[in-house]
Amino acid sequence: MPEVIFAGPAGRLEGRYQPSKEKNAPIALILHPHPHFGGTMNNKIVYDLFYMFQSRGFTTLRFNFRGIGRSQGAFDHGTGELSDAAAALDWVQSLHPDSKNCWIAGYSFGAWIGMQLLMRRPEIEGFMSISPQPNLYDFSFLAPCPSSGLIIHGDADKVAPPADVQGLVDKLQSQKGITITQKTMPGVNHFYSDHVDELIGECSDYLDRRLRGELSEPRPKRLK
């Protein structure tokens with residue numbers, strides 16, 4: 001897995017990148033949790049999601065937001081981090097111009113950034129939002145949410161209370177033209193303590209079903 005450095009809005013960004021052997025393979029971008037709470041691209045959930053996509057033939061990228069590891073800049077409360085994510089997707093797309101589709105997966109803070117990027121990039125056809133925090137972050141921009149995806153969380157999560165996540169899911173599930181799949185894992189906290197393998201198993205099952213053409217509505221082509 002090559003270590004990469006690419007240009008971001010606030011200086012260089014550090015990432016790990018695995019190209020697919022297929023020129024037109026889809027791209028997967030994985031976004032890490034909050035930098036102020038130990039979130040980096042080497043978080044185990046982020047790491048395992050990276051390999052989950054890579055093993056299914058995706059061109060895959062994870063990276064450190066500004067100010068983390070060898071990435072330059074300073075924490076910007078989400079605004080700059082969204083720009084970082086857009087720059088990361090631009091960079092990998094520049095290397096793979098034949099790739100037309102993209103998935104985004106984000107965990108916690110990364111889920112919020114990923115859902116914002118989803119609104120801006122019509123080529124993102126699927127998402128995985130792991131333990132989003134609608135109690136802390138505003139998700140009202142999802143009006144409407146343009147793509148089908150998975151929202152997965154634990155029923156013992158005290159950081160992102162299940163009732164708040166349920167409110168977000170209910171709002172999205174009422175929208176037409178997309179399918180929001182929800183998975184609530186029993187006895188699981190925000191950090192998936194002792195349950196990371198189970199989480200990745202659920203995400204893998206969802207991805208495999210989507211790749212078979214299930215769990216999503218046929219969607220009209222959005223213009224860039």
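The structure is a predicted model, in which local features require pLDDT of at least 70 and side-chain atom pairs count only at pLDDT 80 or more, whereas totals for chains, interfaces and linings use all residues. Residues are numbered from 1 along each chain as its sequence is written, and side-chain values use heavy atoms, with hydrogens and water left out. Helices (H or I, at least four residues) and strands (E, at least two) are DSSP runs, numbered from the N terminus.

An open sheet of eight strands is found, with mixed pairing and the order β1-β2-β4-β3-β5-β6-β7-β8. Two strands are taken to pair if DSSP finds at least two bridges between them. In general, strands of a sheet pair through backbone hydrogen bonds, either parallel or antiparallel.

Both senses of pairing occur here. Six bridges link β1 and β2 in the antiparallel sense, and these two strands form a hairpin with two residues between them. Within this pair, F6 has L13 of β2 as its bridge partner. Strand β2 also runs antiparallel to β4, to which four bridges join it; here G15 is partnered by F63 of β4. Of the eight residues of β2, six are buried, where buried means under 20% relative accessible area, exposed over 50%, and partly exposed in between (1.4 Å probe, protein chains only). By contrast, β7 and β8 pair in the parallel sense over six bridges, and the bridge partner of L150 is T181 in β8.

Helix α4 packs on the sheet, touching β7 and β8, and its direction makes about 165° with that of β7. Axes are lines fitted to C-alpha atoms, for helices over the stretch in contact, and angles run from 0 to 180 degrees between N-to-C directions. Helix α4 (residues 162-173) has 12 residues and spans 16 Å from its first C-alpha to its last, close to the 16 Å expected at 1.5 Å a residue; the expected span is 1.5 Å times one less than the number of residues. Its buried residues are V165, L168, V169 and L172. They cover an arc of only 100° around the axis and therefore lie on the same side of α4, the arc being that of the directions from the helix axis to the C-beta atoms. The cover over these residues includes α3 (109-120), β7 and β8, with contact defined as heavy atoms within 4.5 Å.

Helix α5 (residues 196-211) has 16 residues. Its buried residues are V196, L199, I200, C203, S204, Y206, L207 and R210. Viewed down the axis of α5, they fall within an arc of 165°, so they line one face of the helix. Their cover includes α1 (44-54), β5 (102-107), β6 (124-130), β7 (149-154) and β8 (180-185). Just after α5, G213 takes a positive phi of about 90°.

Residue D84 is located in helix α2 (residues 79-95). With 0% relative accessibility, D84 counts as buried. Its side chain makes a polar contact with the side chain of R66 (2.9 Å). A polar contact is a pair of N or O atoms within 3.5 Å; within protein, one must be able to donate a hydrogen and the other to accept it, and residues adjacent in sequence count only if both atoms are side-chain atoms. Apart from neighbours within four places in sequence, D84 is in contact with P9, L13, F63, F65 and R66.
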